[in-house]
Amino acid sequence: MLFALIAGHITKTKEWVACHRKHHAFADREGDPHSPLMERLRNIVLKGAFYYRKAVWQPGVLEKYGNGTPNDWIERHLLAPRNWLGIALMLGIDLWLFGWVVGPAVWGVQLLWIPFWAAGIVNGVGHAFGYRNHAVKDASRNITPFAIWLGGEELHNNHHADPKSATFSHRWFEVDIDRMYIQLLSALGLARVEYAREL
Ligand SMILES: [Zn+2]
Ligand SMILES: [Zn+2]
């Protein structure tokens, strides 16, 4: 989620949550906001983040699927009215670190890189290529058992089979970096796990 928020395509938690819940409700059927089976895989991979915008612009989607999401100070004062701030801050940091020539180039790559992996690869390739542990109704797949690059989201078939689990690995050989992050945040008292699937 953070990735999409940072990229500026989706500004509020409610928007991301609504799109994502709708994806689970209609996965790979009519109504799925980003299915490579309904749209072309190439479109989902290259224009992944734009499908989020399109989904939340549809009337009623936010109300129906965004129910119960936070509406705190950060949402109202930072994410909604000043979503450009994070992007501008990143540009400032890149200019400071890399200078006036390389800095803007690094910034540009960051803006494309994050939505490409988070929205394009997970939502596109995660419903097109890989292996399946679970014969769920949708076409979700585990891209690779070694899930450290995309925060565990590579194990997308596992996620669709057990969407409430805070962790993604379901078999002994699956390496899920998200499991480590969750354990670390829990140990620091920064997260509370309601349910995590046991291996
Ligand atoms: Zn999916
Ligand atoms: Zn999900």
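**View 1. The zinc ion (ligand 1) and its histidine donors in the predicted model.** Along the chain, the donors of the zinc ion (ligand 1) are spaced as H-x103-H-x28-H-x3-H. His23 in helix H2 and His160 in helix H8 are 137 residues apart, so that distant parts of the chain are linked by this pair, and both His23 and His160 are buried.

**View 2. The zinc ion (ligand 2), coordinated by His20, His24 and His159.** Each of these histidines coordinates the zinc ion (ligand 2) through its NE2 atom, at 1.8 to 2.1 Å, and the spacing of the donors along the chain is H-x3-H-x134-H. Because His24 lies in helix H2 (residues 13–26) and His159 in helix H8 (residues 156–161), the pair ties together parts that are 135 residues apart in sequence. His24 is partly exposed, with a relative accessible area of 26%, whereas His159 is buried, with a relative accessible area of 10%.

**View 3. Helix H2 and the residue that follows it.** Helix H2 has 14 residues and reaches 20 Å from its first C-alpha to its last, which is close to the 20 Å expected at 1.5 Å a residue. After H2 comes Asp28, whose phi is positive, near 60°.

**View 4. A salt bridge between Arg53 and Glu15.** The closest N and O atoms of Arg53 and Glu15 are 3.5 Å apart, and the pair links distant parts of the chain, with Arg53 in helix H4 (residues 48–57) and Glu15 in helix H2, 38 residues apart. Arg53 counts as buried because its relative accessibility is 19%, and the limit for a buried residue is under 20%; Glu15, at 8% relative accessibility, counts as buried too.

**View 5. Salt bridges of Arg197 with Asp162 and of Arg192 with Glu194.** The count of salt bridges in the model comes to three. In the salt bridge between Arg197 and Asp162, the closest N and O atoms are 3.0 Å apart. Arg197 lies in the segment after helix H9 (177–187) and Asp162 in the loop between H8 and strand E2 (175–176), so the pair ties together parts that are 35 residues apart in sequence. Arg197 is partly exposed, with a relative accessible area of 26%, while Asp162 counts as buried at 11% relative accessibility. The side chains of Arg192 and Glu194 meet at 3.7 Å, N to O, and both Arg192 and Glu194 are exposed.

**View 6. A nonpolar surface patch that includes Val102.** The patch, of about 1,000 Å², is made by Leu89, Ile93, Trp96, Leu97, Phe98, Trp100, Val101 and Val102. Val102 is found in helix H7 (residues 84–125) and counts as partly exposed, at 45% relative accessibility.

Methods: Residues numbered from 1 in each chain as written. Chains lettered and ligands numbered in written order. Predicted model: local features only at pLDDT ≥ 70, side-chain atom pairs only at ≥ 80, totals over all residues. Heavy atoms only, no water. Patch = residues over 30% accessible without salt bridge, like charges linked within 9 Å, V, L, I, M, F, W, Y side chains within 5 Å. Areas by Shrake-Rupley, 256 points an atom, 1.4 Å probe, with all protein chains shown as cover. Salt bridge = Lys/Arg side-chain N within 4 Å of Asp/Glu carboxyl O. Helix = DSSP H or I, 4+ residues; strand = E, 2+ residues; numbered from the N terminus. Buried < 20%, exposed > 50% of the residue type's maximum accessible area, 1.4 Å probe, protein only. Donors = N, O, S within 2.8 Å, 3.2 Å for Na, K, Ca; no water. Expected span 1.5 Å × (residues − 1).
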